[in-house]
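Reader: Can you walk me through this one? I'd like to go part by part.

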Amino acid sequence: MPADRAFPDGLAAGRGEVFQLLRDGRPRTRAELSAETGLARSTIAERIETLLASGLLRSADKAGSTGGRPPTMFTFNPAARVVLAADIGATHAKVALTDLTSDVLAEQETKVDLAIGPEAVLGYVAEAGQELLDQTGRSARDLLGVGVGLPGPVEHSTGRPVIPPIMPGWDGFDVKAHLHERLGVLTLVDNDVNLMALGEHKTHWPDAPNMMFVKVATGIGSGLISDGRLHRGSRGSAGDMGHVQVPHGVEVPCRCGNLGCLEAVASGAAIAARLTAAGIPALTSSDVVALARSGSVDAVQQIRQAGRDIGEVLATAVSLFNPSVIVVGGSLSQAGEHLIAGVREVVYRRSLPLATTELRIVRSRAGNRAGVIGAATMVIDHALSPFELDALLDR
Ligand SMILES: [Zn+2]
């Protein structure tokens with residue numbers, strides 16, 4: 001393939017572009033790289049030298065010999081750098097160190113109260129990050145970047161939370177600049193559900209280009225993978241399905257000021273409140289799950305109905321977005337099959353056959369690691385993109 005067809009003008013000689021081919025993990029010889037990129041052997045040799053020096057590539061086992069000295073093969077080295085990933089939830093924060101394939105090398109989790117403010121919470125992230133670096137024998141110089149997920153609306157381009165309802169003191173706080181100043185590396189921030197969608201997609205559904213991830217916990221939200229990429233929308237609020245009105249639902253007031261929002265009807269917090277009113281004390285999503293697991297018929301019925309209400313809203317999303325997979329995660333999904341059974345019941349009944357013949361509705365498999373894997377993936381995909389990588393290698 002000629003160079004001008006493989007790469008846009010001006011990028012033909014980029015080391016970043018040569019590197020992209022090798023990110024799939026398959027070792028290649030100089031001749032194969034030259035054939036695949038259309039670049040001259042001498043150019044390939046020079047690009048490889050720079051990438052070897054950076055540690056991002058390493059020589060692999062020799063290619064099968066056909067007599068004589070076999071040519072050297074080169075492969076992506078995921079251990080070259082590490083990424084710090086933080087998934088900050090409403091009640092807990094998980095911080096992990098990953099390699100360049102988003103594999104978790106070490107992690108720790110703690111309870112957090114977001115009301116202590118952004119400086120204190122992000123201070124914890126930085127300290128935990130240093131401990132994880134020490135634990136794995138890496139240094140701060142090995143950090144490629146930091147990815148942070150927050151439990152509220154985030155404007156991804158600026159990394160600032162936008163009027164986050166459960167995060168007093170965080171509105172407009174410059175999370176990116178704060179962590180960049182403290183750790184000296186690239187920092188990217190997004191909404192936690194977007195990152196869970198990215199993490200689930202990366203680890204379990206890489207071949208499903210159109211996927212929806214729904215988190216059902218204290219609140220309800222979703223993340224959309226469209227054509228293999230996270231779809232954030234124009235300001236980052238795509239997938240915020242918690243405040244869609246449930247069709248034919250009960251008109252209960254929601255904290256956003258509207259009536260009959262999905263979150264006010266079907267979240268773990270809403271179910272806990274209804275159970276408590278019926279004389280079965282429950283405070284959180286986890287209490288509801290514990291009740292269902294211990295055989296409470298009321299809790300099971302409530303969870304199943306929540307699944308149906310979520311299904312009502314998802315049926316509309318299925319018509320508009322046509323995903324091939326809907327992954328249901330979040331703490332309420334831990335209550336066995338009840339939630340997902342309710343979702344399936346309504347989505348399959350209410351959507352047209354063309355939209356549902358290949359639609360799978362499944363539980364999250366990445367589980368409570370989805371958020372940190374997604375945060376790492378966000379950083380890696382950005383920092384190792386052709387343009388950014390060329391800049392990184394020049395520094
Ligand atoms: Zn609402």
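This is a predicted model: local features need pLDDT of at least 70, side-chain atom pairs count only at pLDDT 80 or more; totals for chains, interfaces and linings use all residues.

Reader: OK. Which helix is Arg30 found in?

Author: Arg30 is in helix H3, residues 30-37.

Reader: What does Arg30 touch, leaving out residues up to four places away in sequence?

Author: Arg41, Ile44, Ala45, Ile48, Glu49, Thr72 and Phe74.

Reader: How far apart are the C-alpha atoms of Arg30 and Arg365?

Author: They are separated by 38 Å. Along the chain the two are 335 residues apart.

Reader: Switching to the metal. Which residues coordinate the zinc ion?

Author: His243 through ND1, plus Cys254, Cys256 and Cys261 through SG. The distances run from 2.0 to 2.3 Å.

Reader: And what geometry does the zinc site have?

Author: Tetrahedral, with angles of 104 to 121° among the 4 donor atoms. The ideal for four tetrahedral donors is 109.5 degrees.

Reader: How are the donor residues spaced in sequence?

Author: The pattern is H-x10-C-x1-C-x4-C. His243 and Cys256 are 13 residues apart, both in the loop between strand E13 (229-231) and helix H8 (262-266).

Reader: What are the accessible areas there, starting with His243?

Author: His243 has a relative accessible area of 28%, so it is partly exposed. Cys256 is partly exposed too, at 38%.

Reader: Now the sheet. What is the strand order?

Author: E13-E12-E11-E14-E15, an open sheet of 5 strands with mixed pairing. E13 and E15 (360-363) are the edge strands. Neighbouring strands are turned by 25° against each other on average, direction ignored.

Reader: How many bridges join E11 to E12?

Author: 6, and the two strands run antiparallel. Val214 stands opposite Ser222 in E12.

Reader: Which strands does H11 touch when it packs on the sheet?

Author: E11, E12 and E14 (325-329). Helix H12 (338-350) packs on the sheet as well, touching E11, E14 and E15.

Reader: Last one, H10. Which of its residues are buried?

Author: Ser285, Val288, Val289, Leu291 and Ala292. They fall within an arc of 160° seen down the axis of H10, so they line one face of the helix.

Reader: What covers them?

Author: The cover includes helix H9 (268-277) and helix H11 (297-321). Just after H10, Gly295 takes a positive phi of about 95°.

Conventions. Residues are numbered from 1 along each chain as its sequence is written. Side-chain values use heavy atoms; hydrogens and water are left out. Buried means under 20% relative accessible area, exposed over 50%, partly exposed in between (1.4 Å probe, protein chains only). Helices (H or I, at least four residues) and strands (E, at least two) are DSSP runs, numbered from the N terminus. The arc is that of the directions from the helix axis to the C-beta atoms. Contact means heavy atoms within 4.5 Å. Donors are N, O and S atoms within 2.8 Å of the metal (3.2 Å for Na, K and Ca); water is not among the atoms, so sites may look incomplete. Four donors count as tetrahedral if all angles lie between 85 and 135 degrees; four count as square planar and six as octahedral if opposite donors are over 155 degrees apart and all others between 65 and 115; anything else is irregular. Two strands pair if DSSP finds at least two bridges between them. Axes are lines fitted to C-alpha atoms, for helices over the stretch in contact, and angles run from 0 to 180 degrees between N-to-C directions.
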